[in-house]
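Try each task before reading its solution.

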Amino acid sequence: MKQEALTLFDLNALVRRSLEQCLPDEYWIQAELSDVRSNSTGHCYLEFIQKDPRSNNLIAKARGMIWSNIFRLLKPYFEEATGQMFGSGIKVLVKVTVQFHELYGYSLTVLDIDPTYTLGDMARRRREILQQLEEEGVLTLNKELEMPLLPQRIAVISSATAAGYGDFCHQLQHNSRGFFFYTELFPAMMQGNQVEESVLSALDRVNARLGDFDVVVIIRGGGATSDLSGFDTYLLAAACAQFPLPIITGIGHERDDTVLDSVAHTRVKTPTAAAELLINRMDEATDQLEYLSTRLREGASAFLERESGRLLSCQARISALVVHRLSDARFRLLTASKDLMQVSAALLARQRHRLELFQQRITDASPDKLLARGYSITLKEGKPVTDASQVSLGDEIITRLHHGELTSIVNSELLQSSNCKSSNRK
């Protein structure tokens, strides 16, 4: 016999009654949130999904809802406990009842949530990211950078309207010792789903001007703790870990560190604390400089005092030595002077004797002495005539005697006579 046909409503009603009978209790389920949204009435509509851990493909999905009276209590409780915004992409452990509506179909109604499960999942994800960075050898690269002694040029990544950014700048500008700091803001979204993309973009802009800055400060401040999930991503952590300038984080939460805090060079609690860190660094450098300056002055004074003592000692020794050496030199000079006088006298005597001998020889060879013996000298134009051929007819010659001179004119007879005499002698 043919079974009576059911309307769709009747079939759905049968399904509803069956589910109510088979699944009458409340159940704790583990799932990932997807497509979370709320409407003006305060109800929250969402999807629960489950993915294959290997392929990441969806293997289960169910609609869910949270009534407004539950949602207004559950959401702040969850976000306060986890520091994580109640939204898509997080894993939760929720208590649900199974519902089936003839018009809307199968759904799960949320009654409660266990934040510790989500905290555990978040912690697991952080550990996985940190482990991956460690395996890649980049986890501590930024921490290993040397913090500049004078971190005065600061690239700030923050929201321009964030209260924390204003507090940070005010703290730097009004430091008690009057240190100068140059800050430049690189605006970024510090909450919501765009945190990762926005902060990475800001880091890229800073990286393009590395020579202009000493450190990078990422500050948040004033935002809800539920917006911290944006700082727990692998891409952002990897970029910060490998950034070539020291990164200081002051994201404004005290209880838990984000992955970004774990890879940054230095993590502080608040933007104000980040400013204090930089001021203290300048303080330390100034104190060290003053200490070194004092040591330099004291060392220089001690050195000059020692050298002054050495100089006086050397001066005394030199004075005694000079006196002694001058005395020796004076004695040697007197001795040398006496010896020189004796040598000079002997030399002069020898030279005088030689001169006397030369004078005697010159006297013996003097023409006057020859003339006195009857010899004469014939001169022509002041030059001696030694040969008759040196004169010609009409030449005037002078004959010098011992006493007086004779002047003669050469004539032909005399010249001939002279020539004949010369011929007879030959």
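**Exercise 1: an oblique pair**

Helices α2 and α3 cross in a right-handed way. (A crossing is right-handed if the near helix is turned clockwise from the far one by less than a right angle, and left-handed if anticlockwise.) The model is predicted: local features need pLDDT of at least 70, side-chain atom pairs count only at pLDDT 80 or more, and totals for chains, interfaces and linings use all residues. Residues are numbered from 1 along each chain as its sequence is written, and side-chain values use heavy atoms, with hydrogens and water left out.

Task: Describe how α2 and α3 pack, and which residues make the contact.

Solution. 
1. Find the helices. α2 covers residues 68–82 and α3 covers residues 115–135. (Helices are DSSP runs of H or I, at least four residues, numbered from the N terminus.)
2. Read the geometry. The angle is about 40°, and the axes are 9 Å apart. (Axes are lines fitted to C-alpha atoms over the stretch in contact; angles run from 0 to 180 degrees between N-to-C directions.)
3. Classify. The two helices are therefore oblique to each other. (Under 35 degrees is roughly parallel, over 145 roughly antiparallel, 65 to 115 roughly perpendicular, and the rest oblique.)
4. List the contact. Tyr77, Phe78, Ala81 and Thr82 of α2 meet Pro115, Thr118, Leu119 and Met122 of α3. (Contact means heavy atoms within 4.5 Å.)
5. Sort by class. The contact has six nonpolar, two polar and no charged residues. (Ala, Val, Leu, Ile, Met, Phe, Trp, Tyr, Cys and Pro are nonpolar; Asp, Glu, Lys and Arg are charged; the others, Gly among them, are polar.)

**Exercise 2: α5 and α6**

Task: Find the angle at which α5 and α6 cross, and name the residues in contact.

Solution. 
1. Helix α5 spans residues 195–207, and helix α6 spans residues 234–241.
2. Their axes come within 9 Å and cross at roughly 20°. That makes α5 roughly parallel to α6.
3. The crossing is left-handed.
4. From α5 come Glu196, Val199, Leu200 and Leu203; from α6 come Leu235, Leu236, Ala239 and Cys240.
5. By class, seven are nonpolar, none is polar and one is charged.

**Exercise 3: domains**

Task: State where the domains lie and how many Å separate their centres.

Solution. 
1. Domain 1 is 8–116, and domain 2 is 137–284. (The bounds come from an automatic or database domain assignment.)
2. Their centres, taken over C-alpha atoms, are separated by 38 Å.
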